[in-house]
Amino acid sequence: RQNFLEFSKKHLSDKPKYLNLMIKHIFVRSPERAPIREANSDTIIYLINCLEDQKEILNFILKCSRSSKGSYRALAFYVFRKLINSNDISIDDEIMSEIIHNTIMSISDQNQTVRASVINAIAEIIPNANQKVLSEIG
């Protein structure tokens, strides 16, 4: 995994089109198992950090959080949790608001894996969140 991350940073960080494609591929090919989903979310966050303009990939992940496929929604909330707690990634206020809104709206998701991901995300976000995030949560 570490070799892949170093290779991607070295050879793809100046090619955002390919880096976005790599992130999307990891996202949609992620299996259902929680430990792998957790590792994939770490990989996705690392690769997002390599991008100069993160808006396109963040919009893709937002779209996945509303997908009909439960595994996409669950992974999206794993990534959201890490994005909100990350000090390395600067997120636009509009996107941050949408991330928090999608997270809160998914507490009552029909898929138990998604619900667990959302509850886990909220539980981890609250102690580390700044005042702006807390006011969005309500």
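Q: In which helix is the place of S41?

A: S41 belongs to helix α3; helices (H or I, at least four residues) are DSSP runs numbered from the N terminus. The model is predicted, so local features need pLDDT of at least 70 and side-chain atom pairs count only at pLDDT 80 or more, whereas totals for chains, interfaces and linings use all residues. Residues are numbered from 1 along each chain as its sequence is written, and side-chain values use heavy atoms, with hydrogens and water left out.

Q: Does one read S41 as buried or exposed, and why?

A: The criterion is relative accessible area: under 20% is buried, over 50% exposed and in between partly exposed (1.4 Å probe, protein chains only). S41 has 0% relative accessibility and therefore counts as buried.

Q: Which residues is S41 in contact with, leaving aside its neighbours within four places in sequence?

A: Contact means heavy atoms within 4.5 Å. With those neighbours set aside, S41 meets L75, Y78, V79 and K82. As a reference distance along the fold, the C-alpha atoms of S41 and A121 are separated by 12 Å, although these residues are 80 apart along the chain.

Q: How is the packing of α3 and α5 to be read, and at what angle do their axes cross?

A: Two packed helices are described by the angle between their axes and the distance between the axes. Axes are lines fitted to C-alpha atoms, for helices over the stretch in contact, and angles run from 0 to 180 degrees between N-to-C directions. The axes of α3 and α5 cross at roughly 50 degrees and come within 9 Å. These two helices are therefore oblique to each other (under 35 degrees is roughly parallel, over 145 roughly antiparallel, 65 to 115 roughly perpendicular, and the rest oblique). Helix α3 passes α5 in a right-handed crossing, a term for the near helix being turned clockwise from the far one by less than a right angle. On the α3 side, the contact is made by A34, R37, E38, S41, D42, I44 and I45; on the α5 side, by A74, L75, Y78, V79, R81, K82 and L83. By class, this contact has 8 nonpolar, 1 polar and 5 charged residues (Ala, Val, Leu, Ile, Met, Phe, Trp, Tyr, Cys and Pro are nonpolar, Asp, Glu, Lys and Arg charged, and the others, Gly among them, polar).

Q: How many residues has the largest nonpolar core?

A: In soluble globular proteins, nonpolar side chains tend to be buried together. A nonpolar core is a set of buried Ala, Val, Leu, Ile, Met, Phe, Trp, Tyr and Cys residues joined through side-chain atoms within 4.5 Å. The largest such core has 39 residues, and F27, I44, I61 and L83 have the most contacts inside it. Two or more residues come from each of α1 (2-12), α2 (16-28), α3 (34-49), α4 (55-64), α5 (70-85), α6 (93-105) and α7 (112-128). The largest share, 10 residues, is that of α5. Beyond four places in sequence, I44 is in contact with I23, I26, F27, I61, L75 and V79.

Q: Which residues of α4 are buried, and what covers them?

A: The buried residues of α4 are I57, L58, F60, I61, L62 and C64. Their cover includes α2, α3, α5 and α6.
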